Amino acid sequence: MQSDITAPGVNILAAWSPVSTANIINYNIVSGTSMSCPHVSAMVALLKLVHPCWSPAAIKSAIMTTG
């Protein structure tokens, strides 16, 4: 399986639940694919908002061909 689209996923400043740790913090630096998915999802949502009639293939193409 090959990824066609990649996104940043290393050292992302993200919201953090204080319940998940003993320390009371609201933000934390985390890494991994779970951090890159929101970047691509947000980009797709914004493109869909601006171009509501674009197909999924058109959105993928726009993301892949934009530097």
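## Surface and burial

The accessible surface of the protein comes to about 5200 Å², and carbon and sulfur atoms account for 65% of that area. Areas come from the Shrake-Rupley method with a 1.4 Å probe; for residues, only the protein chains shown count as cover. Of the 67 residues, 13% count as buried. Buried means under 20% relative accessible area, exposed means over 50%, and partly exposed lies in between (1.4 Å probe, protein chains only).

This is a predicted model: local features need pLDDT of at least 70, side-chain atom pairs count only at pLDDT 80 or more, and totals for chains, interfaces and linings use all residues. Residues are numbered from 1 along each chain as its sequence is written, and side-chain values use heavy atoms, with hydrogens and water left out.

## Overall layout

The protein holds 2 helices and 2 strands. Along the sequence they follow the pattern β-β-α-α. The radius of gyration is 15 Å, well over the 11 Å that the globule rule gives for 67 residues, so the protein is more spread out than a compact globule. That radius is taken over C-alpha atoms, and the globule rule is 2.2 Å times the number of residues to the power 0.38. Helices (H or I, at least four residues) and strands (E, at least two) are DSSP runs, numbered from the N terminus.

Along the principal axes, the C-alpha atoms fill a box of roughly 45 × 25 × 20 Å. Take the contacts between residues at least 6 apart in sequence: 27% of them join residues at least 24 apart. Contact means heavy atoms within 4.5 Å.

## Helix α2 and its packing

Helix α2 spans residues 56–65, and Ile59, Ala62 and Ile63 are buried in it. Seen down the axis of α2, its buried residues fall within an arc of 95°, so they line one face of the helix. The arc is that of the directions from the helix axis to the C-beta atoms. These buried residues pack against α1 (33–50). The face turned away from the buried side carries the exposed residues Ala57 and Thr65.

Ser36 sits in helix α1. Ser36 counts as buried, at 15% relative accessibility. Leaving aside neighbours within four places in sequence, Ser36 is in contact with Ala7, Pro8 and Gly9.

## Salt bridge

The count comes to 1 salt bridge. The rule asks for a side-chain nitrogen of Lys or Arg within 4 Å of a carboxyl oxygen of Asp or Glu. Asp4 pairs with Lys60, and the closest N and O atoms are 2.7 Å apart. The pair links distant parts of the chain: Asp4 lies in the segment before β1, Lys60 in helix α2, 56 residues apart. Asp4 is partly exposed at 41% relative accessibility. Lys60 is also partly exposed, at 36%.

## Cysteines

The structure holds 0 disulfides. A disulfide is a covalent bond between the sulfur atoms of two cysteines. Here the test is a pair of cysteine sulfur atoms within 2.5 Å. Cys37 is partly exposed, with a relative accessible area of 48%. Cys53 counts as exposed, at 74% relative accessibility.

## Backbone at Asn11

Most residues other than glycine have a negative phi. Asn11 has a phi near 55°, a positive value in a residue other than glycine. Asn11 lies in the segment before β1 (12–15). Its relative accessible area is 55%, so Asn11 is exposed.
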